[in-house]
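Please consider the following note on the structure shown below.

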Amino acid sequence: MKQPNYGNWIPKTMMYILWGGTAVFGALWLLCSNLRRIPILSWVFLFLTLLFGGMAFYMQKCRQAFSFTGGCVMGSIHQALLSHLPWDGRGSLLDIGCGSGALTILCAKTWPQARITGIDYWSREWNYAKEQCEENARIEQISPITFCQGDAAKLPFPNNSFDAAVSNFVFHEVRTQPDKRQVVREALRVVKKGGAFAFHDLFEQKQIYGDMEEFAEQLRAEGITELHYLPHTENLDCIPWYVKAPWLLTSMGILYGIK
């Protein structure tokens, strides 16, 4: 039976570069060692071989942990996010930055009576596409579910369009809006009054979001009925210690509540 392709937060391109670099520098080290000329180059290529090889091995292990067919860390994080969404599944839900459709499809499985929509910019950088989402939904036998293209900084929906909204590690990647707080506000704009939301992002990075307690107070003053913030979600039990690195999973948090 064909399996869905949900991709991986560590792209294949990175692994090709790391393993390829290991092979190239290893070959150059062997060449210099055999020729016994310019010994300093031999030491340089040995260092680069060990550096690229170590990073390749580490990132391969992390990629296996993230994989939906391996350690399933990505799936566990999605489950943790939905566990903080205060919603009964009645009405419509928007997944902002749906990528390969993994979280969107999980929402459809969790609330089979809901009308689910996934939206994404689908940048080539992440190797995701609308067709991939639709194929994954077909394989998972999820219907009806809608995927559309759009910018999280300017969602193509009227105010108060959805009963719930979710987003996972997307807002900090939105390049069309430098003020990421405004991306959060845009996501809240399309949620109905009394609707639910749960957003997971690098909220603990002050250079991106500033003081989250201050931001939370601003949102409450702007009319958000119920607002909660869970910091440092990289400490969730489902996340292995070795992926808690600055270039992988760190400084995360979940902003959730009722509009």
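1. Two terms are needed at the outset: a contact means heavy atoms within 4.5 Å, and helices (H or I, at least four residues) and strands (E, at least two) are DSSP runs, numbered from the N terminus. This is a predicted model, in which local features need pLDDT of at least 70 and side-chain atom pairs count only at pLDDT 80 or more, while totals for chains, interfaces and linings use all residues. Residues are numbered from 1 along each chain as its sequence is written, and side-chain values use heavy atoms, with hydrogens and water left out.

2. The protein has 8 helices and 7 strands. Its C-alpha trace spans about 75 × 45 × 35 Å along the principal axes. Of the 259 residues, 51% are buried; buried means under 20% relative accessible area, exposed over 50%, and partly exposed in between (1.4 Å probe, protein chains only). Among contacts with a separation of 6 or more, 76% join residues 24 or more positions apart.

3. Helix α3 (residues 73–82) is largely enclosed by the rest of the structure, because 8 of its 10 residues are buried. These are Val73, Met74, Gly75, Ile77, His78, Ala80, Leu81 and Leu82. They pack against α2, α4 (102–110), β4 (162–168), β5 (191–201) and β7 (253–258).

4. Helix α8 (residues 212–221) buries Met212, Phe215, Ala216 and Leu219. Seen down the axis of α8, these residues fall within an arc of 100 degrees, so they line one face of the helix; the arc is that of the directions from the helix axis to the C-beta atoms. An α-helix has 3.6 residues a turn, so residues three or four places apart point the same way. The buried residues of α8 pack against α6 (180–189), α7 (206–209), β6 (226–231) and β7.

5. Which residue lies in helix α2 (residues 39–66)? Ile40 does, and Ile40 is exposed, with a relative accessible area of 55%.

6. How many disulfides does the structure hold? There are 0 disulfides, a disulfide being a pair of cysteine sulfur atoms within 2.5 Å. Cys62 is in none, and the nearest cysteine sulfur, that of Cys238, is 14 Å away. Cys62 counts as buried, at 0% relative accessibility. Cys98 is likewise in no disulfide, the nearest cysteine sulfur being that of Cys133, 4.3 Å away. At 6% relative accessibility, Cys98 also counts as buried.
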